[in-house]
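Subject: Structure handover

Hello,

Here is the structure I promised you. Please open it and keep it on screen while you read my notes.

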Amino acid sequence: MSRVYNFSAGPAALPEEVLQQAAEEMTDWRSNGAGVMELSHRSKAFMSIAEEAEADLRELLAVPDDYAVLFLQGGASGQFGLIPMNLLGDKQSVDYVNTGQWSNKAIAEAKKYAAVNVVASAESGGFNSVPAQSDWTASTDAAYLHYTPNETIGGVEFGFVPDAGAVPLVADMSSTILSRPVDVSRFGLIYAGAQKNIGPSGLTVVIVKKSLFGNAATITPDAFNYQKQADAGSMLNTPPTYGWYIAGLVFKWLKQRGGLDAMQAVNKRKADKLYAAIDASSYYSNPVAIDSRSWMNVPFICGDSSRDTEFLAGATEAGLHTLKGHRSVGGMRASIYNAMPEAGVDALITYMAEFERTNT
Ligand SMILES: *Cc1c(COP(=O)(O)O)cnc(C)c1O
């Protein structure tokens with residue numbers, strides 16, 4: 001069976017080279033006589049895997065020394081609650097920007113722990129654009145300002161890093177991390193579930209400025225206390241070792257391809273050509289404002305939604321899998337993360353044109 005082009009939003013495609021290396025090392029990692037899944041997290045072998053992965057991630061993102069990089073469990077959704085628990089300190093309120101479904105979920109969870117100010121919302125426009133920062137009503141005494149740089153479901157992405165002033169900026173980068181360079185020093189905290197652009201599900205990466213330590217509520221579980229996990233090298237308890245290892249292979253793969261500047265160029269090209277094909281067609285459409293369109297998740301609808309099933313079946317037959325839109329939105333969604341080759345996007349564009357030609 002040959003591999004297909006997998007447009008899944010997450011868990012998403014991984015680079016084939018990474019999977020092949022993992023397969024080769026599955027039963028015996030570098031002559032240790034055991035596979036990575038079977039190694040103690042305290043073993044020299046796993047420690048070397050862990051340290052190398054962290055060093056490579058730090059290099060790729062140019063993470064400054066005064067930031068901790070944590071490899072945790074619990075998913076991005078876990079962080080929705082853990083962020084206010086860890087960062088509220090003696091502040092009363094937190095600021096959130098609402099650009100869609102993932103922002104909404106983060107807001108709902110934060111409300112359990114803090115007074116939430118929604119400083120801007122794209123709801124009135126149907127969540128089809130990023131609200132201009134000049135219209136935000138940010139507070140100066142919030143514990144942090146949270147936003148979602150890329151809304152995975154709506155396909156809405158920020159083309160800028162918000163200016164939060166002295167308030168720590170917190171970003172859910174689950175579906176955009178590593179897709180382009182980012183100035184980490186602008187952020188108090190960056191977090192991401194791994195299963196979109198880093199590695200397998202079960203791993204959550206948190207990059208946090210150490211000066212934010214000391215604000216955790218006493219009820220915060222130790223396993224999710226950023227400072228305690230940082231002090232323990234993310235090994236206060238057993239970390240997701242296999243996910244950490246695969247993430248490390250992905251980081252090497254990214255470095256081999258020229259790092260994030262190179263990924264940015266490829267990702268922009270992939271997104272530009274797919275949106276250009278959609279815009280040039282009279283059959284397909286994407287509702288997102290041009291300056292807010294995601295490079296990673298491209299939702300689109302067909303002119304005749306009764307043909308969606310046919311479109312998807314034909315796509316699957318052509319080796320273009322998992323293009324069905326999110327259940328809340330319908331239509332189609334092509335997730336084109338780092339691991340989606342440009343040839344996969346080209347094949348999708350060719351299929352779309354052919355479907356349009358033979359069905360309209
Ligand atoms: C997928 C996703 C999540 C949820 O991640 P889990 O790891 O399943 O909790 C949260 N935020 C964004 C932006 C996502 O894309």
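This is a predicted model: local features need pLDDT of at least 70, side-chain atom pairs count only at pLDDT 80 or more; totals for chains, interfaces and linings use all residues.

First, a definition: two strands count as paired if DSSP finds at least two bridges between them.

Now look at the two pairings in turn. E11 and E12 are joined by two bridges and pair in the antiparallel sense. E12 covers residues 297-302, and four bridges join E12 to E14. These two strands also run antiparallel. You can find two of the facing pairs yourself. Asn-297 stands opposite Ser-335 in E14. Val-298 has Ala-334 in E14 as its bridge partner.

Is E12 mostly covered or mostly open? It is mostly covered, with five of its six residues buried.

Next, go to helix H3, residues 75-87. Asn-86 sits in this helix. Is Asn-86 buried or exposed? Its relative accessibility is 3%. Buried means under 20%, so Asn-86 counts as buried.

What does Asn-86 touch, beyond its neighbours within four places in sequence? The contacts are Leu-212, Asn-215, Ala-216, Thr-220, Phe-224, Asn-225 and Tyr-226. Select these residues together with Asn-86 to see the group.

**The whole protein**

Now zoom out. The protein has nine helices and 14 strands. Its C-alpha trace spans about 60 × 55 × 30 Å along the principal axes. How does the radius of gyration fit a compact globule? With 360 residues, such a globule would have a value near 21 Å, and the protein has 21 Å, so the two agree.

Buried residues make up 54% of the 360 residues.

Last, the surface and the charges. The accessible surface comes to about 15300 Å². Carbon and sulfur atoms account for 51% of that surface. There are 28 positive and 38 negative charges, and their mean positions are 1 Å apart.

Best wishes

Technical notes: Residues are numbered from 1 along each chain as its sequence is written. Side-chain values use heavy atoms; hydrogens and water are left out. The radius of gyration is taken over C-alpha atoms; the globule rule is 2.2 Å times the number of residues to the power 0.38. Buried means under 20% relative accessible area, exposed over 50%, partly exposed in between (1.4 Å probe, protein chains only). Accessible areas come from the Shrake-Rupley method with a 1.4 Å probe; for residues, only the protein chains shown count as cover. Lys and Arg count as positive and Asp and Glu as negative; His and the chain ends are not counted. The place of a charge is taken as NZ of Lys, CZ of Arg, CG of Asp or CD of Glu. Contact means heavy atoms within 4.5 Å.
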